Amino acid sequence: MMITPSKINTFTFFKLPSCWWTGVRVKEIDKQSCVVGVKHKWFNQNPFKSMYFAVQAMAAELSTGALVMSYIQESNAKVSMLVANNNATFTKKATGKITFTCNDGLKIKEAIEKTVETGEGQTVWMQAQGLNEDGVQVSLFNFEWTVKRK
């Protein structure tokens with residue numbers, strides 16, 4: 001079963017409801033990248049009338065985590081995944097439609113292949129860049145994913 005945006009969005013509805021209700025949606029996913037979008041609304045704003053940082057973090061994490069889930073599924077092995085560390089930089093108020101893109105699919109693929117082969121846990125830093133509708137960066141997130149064969 002291939003992971004698609006629709007399947008991931010259904011997953012968020014049932015397993016990550018705060019992600020769903022704040023408007024975070026996967027738009028595209030392929031072997032190399034994942035694109036997640038979220039629109040600034042009253043429901044997900046902070047007191048300064050921009051998108052709350054936690055909503056940006058959910059969208060950014062999903063853009064990396066969907067790639068991790070995809071490659072775990074492709075491996076046909078039982079592999080656990082966990083964020084061990086993260087950091088973020090906020091460079092502009094997030095208003096309008098924000099798109100988070102992670103292009104690190106091949107990095108996590110290699111780590112999952114190695115953990116399946118050796119049984120040793122692996123860590124990978126994956127980056128998600130948040131851009132507004134004008135293509136201006138509003139935030140940059142880094143997530144350290146750990147994967148390990150169960």
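A residue counts as buried under 20% relative accessible area, exposed over 50%, and partly exposed in between (1.4 Å probe, protein chains only). This is a predicted model, in which local features need pLDDT of at least 70, side-chain atom pairs count only at pLDDT 80 or more, and totals for chains, interfaces and linings use all residues. Residues are numbered from 1 along each chain as its sequence is written, and side-chain values use heavy atoms, with hydrogens and water left out.

**View 1. Tryptophan 42 in its loop.** Look for tryptophan 42 in the loop between strand E2 (34-39) and helix H3 (53-75); helices (H or I, at least four residues) and strands (E, at least two) are DSSP runs, numbered from the N terminus. Tryptophan 42 counts as exposed because its relative accessibility is 69%. Its C-alpha atom is separated by 46 Å from that of glycine 119, 77 residues apart along the chain.

**View 2. Glutamate 74 with lysine 31.** These two form a salt bridge (a side-chain nitrogen of Lys or Arg within 4 Å of a carboxyl oxygen of Asp or Glu), with their closest N and O atoms 2.3 Å apart. The pair links distant parts of the chain, 43 residues apart: glutamate 74 sits in helix H3, and lysine 31 in the loop between strand E1 (25-29) and E2. With 40% relative accessibility, glutamate 74 is partly exposed.

**View 3. Glutamate 113 with lysine 109.** In this salt bridge the closest N and O atoms are 3.8 Å apart. Both residues lie in helix H4 (residues 105-118), four residues apart, about one turn of the helix. Glutamate 113 is partly exposed at 44%, and lysine 109 is partly exposed at 28%.
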